[in-house]
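Have a look at the picture first, then read on.

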Amino acid sequence: EQWFHIGRQYSHLDDRYFLGVIDDVRIYDTAATEARIAEIMAGDPIPAGDPEPANGTVVDIRGIADLTWSAGAGAVSHNVYFGTDRQAVAGAGPDAPEFRGNQTSTTLPLDDLVAFGGGAYYWRIDEVAADGTTTRGYVWRFTVPAYLIVDD
């Protein structure tokens, strides 16, 4: 009989728990090659990735002119959503005011979309494949402070 513990070190001497978050656990019945491990760790290649500014970032409005991202595997165009309400961006479709259009570029100029007043902004990129299949993207956030950052 074998015991398997996730997030816990267990022995007859102590019982210690992992004090963090484990969001992905996989158990394989064979040893993985280095190439297979790299493939597993790459995650899902279909959604857009590498958002800039990075998710959760606080940005100086003077230093950001565009949103950029990496296209997902097989994407020929991108449906772009942008707004100040997370739920609205998350649930938006092509007929919503948050929809900024379909484009082949992986850049969205922020002209007139972001204000000096500060606040949180949310954006989502849905990937569109050549056959018209759409893969819903993640909702990313960046925050503009209500003040200007002064650097000596």
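This is a predicted model: local features need pLDDT of at least 70, side-chain atom pairs count only at pLDDT 80 or more; totals for chains, interfaces and linings use all residues.

**Charged pairs**

How many salt bridges does the structure hold? There are two. They come together as a network that links Arg-124, Asp-126 and Arg-136. Here is each pair with its N-to-O distance:

| Salt bridge | N to O distance |
|---|---|
| Asp-126 and Arg-124 | 2.7 Å |
| Arg-136 and Asp-126 | 3.7 Å |

What does the pair of Arg-136 and Asp-126 tie together? Asp-126 belongs to strand 9 (residues 119-129), while Arg-136 lies in the loop between strand 10 (134-135) and strand 11 (139-144), so the pair connects parts that are ten residues apart in sequence.

Now for a second look at these three residues: are they buried or exposed? Buried means under 20% relative accessible area. Asp-126 has 4% relative accessibility, so this residue counts as buried. Arg-124 comes out at 1%, so Arg-124 counts as buried too. Arg-136 has 47% relative accessibility and therefore counts as partly exposed.

**A nonpolar patch**

Let's move to the surface. Which residues form a nonpolar patch there? They are Phe-4, Ile-6, Phe-18, Ile-22, Val-25 and Ile-27, and together they have about 640 Å² of accessible area.

Last stop: a sheet. Strands of a sheet pair through backbone hydrogen bonds, and they can do so in a parallel or an antiparallel way. In this model, an open sheet is built from three strands in the order 3-5-8, and the pairing is antiparallel. Which strands are at the edges? Those are strand 3 (49-52) and strand 8 (107-109), each of which pairs on one side only. On average, neighbouring strands of this sheet are turned by 10 degrees against each other, if you ignore direction.

Strand 5 (residues 66-70) and strand 8 run antiparallel and are joined by three bridges. Which residue of strand 8 stands opposite Asp-66? That is Pro-109.

Key. Residues are numbered from 1 along each chain as its sequence is written. Side-chain values use heavy atoms; hydrogens and water are left out. A salt bridge is a side-chain nitrogen of Lys or Arg within 4 Å of a carboxyl oxygen of Asp or Glu. Buried means under 20% relative accessible area, exposed over 50%, partly exposed in between (1.4 Å probe, protein chains only). Helices (H or I, at least four residues) and strands (E, at least two) are DSSP runs, numbered from the N terminus. Patches are made of residues with over 30% relative accessible area and no salt bridge: like charges are joined within 9 Å, nonpolar side chains (Val, Leu, Ile, Met, Phe, Trp, Tyr) within 5 Å. Accessible areas come from the Shrake-Rupley method with a 1.4 Å probe; for residues, only the protein chains shown count as cover. Two strands pair if DSSP finds at least two bridges between them. Axes are lines fitted to C-alpha atoms, for helices over the stretch in contact, and angles run from 0 to 180 degrees between N-to-C directions.
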